[in-house]
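Work through the exercises below with the structure in view. Try each task before reading its solution.

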Amino acid sequence: DRQDQMLGRDLAASIVQSQDVQDLLSKEGKDPPPGQWAAFFILIRRAWLTFLRGPELLRQNVVQAVCSAIMLGLIFLRVGDDTDQQSVSDRNGVIIILLMNTGFSSAFGVVGSFGQQKSIFLREYQARYYGVLPYFFARALVVVPSIVCITFIYSL
């Protein structure tokens with residue numbers, strides 16, 4: 001059953017890529033679906049435009065990072081500089097909490113954005129405009145710089 005599906009997908013892809021089908025599509029005024037790389041760059045552009053249209057999300061993430069950094073800084077303000085076991089254990093706790101906070105706050109922002117565009121993705125995926133990998137990597141490539149900037153602000 002799985003092999004039949006893969007064989008059918010390969011057959012459909014070869015049919016769409018054949019010259020006769022492309023000629024027929026061009027006569028009807030329809031463009032054939034783009035290749036994986038072309039779809040990837042189109043998706044990067046679309047994800048970037050979506051990111052720029054929602055600056056309030058970036059502002060919210062920056063404010064959240066600053067507030068949580070101040071709060072955690074005040075909580076762990078008096079972690080000692082001693083080399084005894086208690087001081088080392090306290091510093092390890094601070095590092096673990098900071099890593100978890102940074103990781104989870106970044107992950108929740110990305111996961112939330114996938115849910116908002118699920119219907120668009122499913123419609124375009126079923127129409128075979130692009131695959132899962134170009135969509136995922138395009139979204140990740142656009143989101144990663146903002147996560148790095150927020151992490152840098154958080155570390156100050």
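**Exercise 1.** Find what share of the residues in the protein chain is buried.

Solution. The model is a predicted one. Step one: the protein chain has 156 residues. Step two: apply the cut-off, under which a residue is buried if its relative accessible area is under 20%. Step three: residues that pass this test make up 19% of the chain.

**Exercise 2.** State how many helices and strands the protein chain has, and write their pattern.

Solution. Step one: the count gives seven helices and zero strands. Step two: reading along the sequence gives α-α-α-α-α-α-α.

**Exercise 3.** Among contacts between residues at least 6 apart in sequence, find what share joins residues at least 24 apart.

Solution. Step one: take contact to mean heavy atoms within 4.5 Å. Step two: keep the pairs at least 6 apart in sequence; of these contacts, 64% join residues at least 24 apart.

**Exercise 4.** Describe the largest cavity: its volume, its lining residues and the elements they come from.

Solution. Step one: the search finds one cavity of 30 Å³ or more. Step two: the largest cavity holds about 50 Å³ of space. Step three: its lining consists of Leu 43, Arg 46, Ala 47, Thr 50, Gln 117, Tyr 135, Ala 138 and Arg 139. Step four: two elements, α3 (36-53) and α7 (132-155), each give two or more residues to this lining. The most come from α3, which supplies four residues. Step five: sorted by class, the lining has four nonpolar, two polar and two charged residues.

Methods:
Residues numbered from 1 in each chain as written. Predicted model: local features only at pLDDT ≥ 70, side-chain atom pairs only at ≥ 80, totals over all residues. Heavy atoms only, no water. Buried < 20%, exposed > 50% of the residue type's maximum accessible area, 1.4 Å probe, protein only. 1 Å grid on protein atoms, 1.4 Å probe; cavity = no way out; pocket = protein on both sides within 12 Å on 5 of 7 lines; lining within 4 Å. Points joined across faces, edges and corners; volume = space filled by probe spheres on them. Nonpolar A, V, L, I, M, F, W, Y, C, P; charged D, E, K, R; others polar.
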